[in-house]
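This briefing goes through selected side-chain and backbone features of one model, grouped by topic. Please view the sequence and the structure first.

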Amino acid sequence: LPTQHPQLTPTNPHLSMAAFVPTTVAPFVGTPVRARAVSRSTAVVSMSAEKSASLPFLSKPAACDGSMVGDVGFDPLAISSFIDIKWLRESELKHGRICMLAALGFIVQEFAHLPGAVFSNKLATEAFGQVPSAGLAQIFIFCGLAEFVLHKGKMTPLNMHADGAVPGALGFDPLNMKKAKDSRVQLQELKNGRLAMIAVGGFIHQQWIFKQGVIEQLTNMHPMKVVF
C-alpha cells in the first residue's frame, strides 16, 4: 500500500518534502543531509577559534591562555603544545636577562676593557675568539653548576616546575622592587629582555658586516660594501 501523506490544512500549511518520499527510500535520504550539517558546524567552530593577539592570522595556542604576564599568544611554531610553557618562560627570562647584560657589554667594550692585549679588541664578535679556551670552559661550567644548584637538580621541562616553582623567581631583589608580586615590574623586565634579545642579534650581525662598534657606527656610519 502507498504511504499515507498528511493533507494540506490550515493547521498544517507547511508540508515537508520528505513526506513524499517512499518509506523504503527515506532512511537513505537523511544521511547525507546530517553529514553536511555536521561538516558545516565543524567548519563554523574552526573558523570561530580564538585568534592570537600578536598574530591575528593564526589561532591562539591553547597553552597561551593569558594567565602569565606578557602572554600575547605569540607561538607561531606551537612549541608550547609539547613543552611546558613555564619551562619556556623560564628560558625566555634567562635569555632576556643575559642579553640585557650583553647589550650593555657590547657598548662598554668599545671604551673600556681589562688590561692585556687579549682583551683589547673592541668588537665583541672578534674578541670571543681571542678568549683562551680554558676561560670559556670556566664560564660554561659555572653557568651549568649555577643552573643545577638553583633548580635543585631539576633541569628538564618535566620536573623543573613540578613543585609549583615560579619561572624566573630566584629571590634576587637587591632594590626591594617586589618583582615577585608586582606584575607591572615583571612585565617591564620581560619586555626589556625581549628587546635586548633583538638588539644583541642586531649588534652581532652589524659587527660581522661593518666591522665597527655599535657607537662607532652610529657616529661614523658608512655604507655596506658589497663584493661580487
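Cys 64 is buried, with a relative accessible area of 6%, whereas Cys 143 is partly exposed at 40%. Here buried means under 20% relative accessible area, exposed means over 50%, and partly exposed lies in between, with a 1.4 Å probe and protein chains only. The structure holds zero disulfides, a disulfide being a pair of cysteine sulfur atoms within 2.5 Å.

The model is predicted: local features need pLDDT of at least 70, side-chain atom pairs count only at pLDDT 80 or more, and totals for chains, interfaces and linings use all residues. Residues are numbered from 1 along each chain as its sequence is written, and side-chain values use heavy atoms, with hydrogens and water left out.

**Salt bridges**

- Side chains of opposite charge can pair when their charged atoms come close.
- A search of the whole structure finds ten salt bridges, each defined as a side-chain nitrogen of Lys or Arg within 4 Å of a carboxyl oxygen of Asp or Glu.
- One of them joins the side chains of Arg 89 and Glu 92, at 3.2 Å from N to O.
- Arg 89 and Glu 92 both belong to helix H2 (residues 85-108) and are three residues apart, about one turn of the helix; helices (H or I, at least four residues) and strands (E, at least two) are DSSP runs, numbered from the N terminus.
- Arg 89 is buried, with a relative accessible area of 11%, while Glu 92 is partly exposed at 22%.
- Arg 89 and Glu 92 are also linked with Arg 194 in a network of salt bridges.
- Another salt bridge is formed by the side chains of Glu 189 and Arg 97, at 2.7 Å from N to O.
- This pair links distant parts of the chain, with Glu 189 in helix H5 (residues 183-210) and Arg 97 in helix H2, 92 residues apart.
- Glu 189 and Arg 97 are both buried.
- The side chains of Glu 126 and Lys 211 also meet in a salt bridge, at 4.0 Å from N to O.
- That pair links distant parts of the chain as well: Glu 126 is in helix H3 (residues 124-127), Lys 211 is in the loop between H5 and helix H6 (214-219), and they are 85 residues apart.
- Glu 126 is partly exposed, with a relative accessible area of 34%, and Lys 211 is partly exposed at 48%.

**Second largest pocket**

- The second largest pocket has a volume of about 550 Å³.
- Of the 18 residues that line this pocket, the closest to its centre are Phe 74, Asp 75, Leu 88, Glu 92 and Arg 194.
- On a 1 Å grid over the protein atoms alone, a pocket is an open set of points where a 1.4 Å probe fits, with protein on both sides within 12 Å along at least five of seven lines; lining residues have an atom within 4 Å of a point.
- Grid points are joined across faces, edges and corners, and the volume is the space filled by probe spheres set on the points.
- H2 supplies the largest share of the lining, five residues.
- The lining divides into nine nonpolar, four polar and five charged residues; Ala, Val, Leu, Ile, Met, Phe, Trp, Tyr, Cys and Pro count as nonpolar, Asp, Glu, Lys and Arg as charged, and the others, Gly among them, as polar.

**Phe 74**

- Phe 74 lies in the loop between H1 and H2 and is exposed, with a relative accessible area of 54%.
- Not counting residues up to four places away in sequence, Phe 74 touches Ser 52, Ser 54 and Leu 55, where contact means heavy atoms within 4.5 Å.
- The C-alpha atoms of Phe 74 and Pro 61 are separated by 8.2 Å, and the two residues are 13 apart along the chain.

**His 151**

- His 151 is found in the loop between helix H4 (133-150) and H5, and is buried with a relative accessible area of 11%.
- Leaving aside neighbours within four places in sequence, His 151 is in contact with Glu 90, Lys 94 and Met 160.

**Positive phi**

- Most residues other than glycine have a negative phi.
- Ala 78, which is not a glycine, has a positive phi of about 55°.
- Ala 78 lies in the loop between helix H1 (26-47) and H2 and counts as partly exposed, at 32% relative accessibility.
- Lys 152, also a residue other than glycine, has a positive phi near 55°.
- Lys 152 lies in the loop between H4 and H5 and counts as exposed, at 73% relative accessibility.
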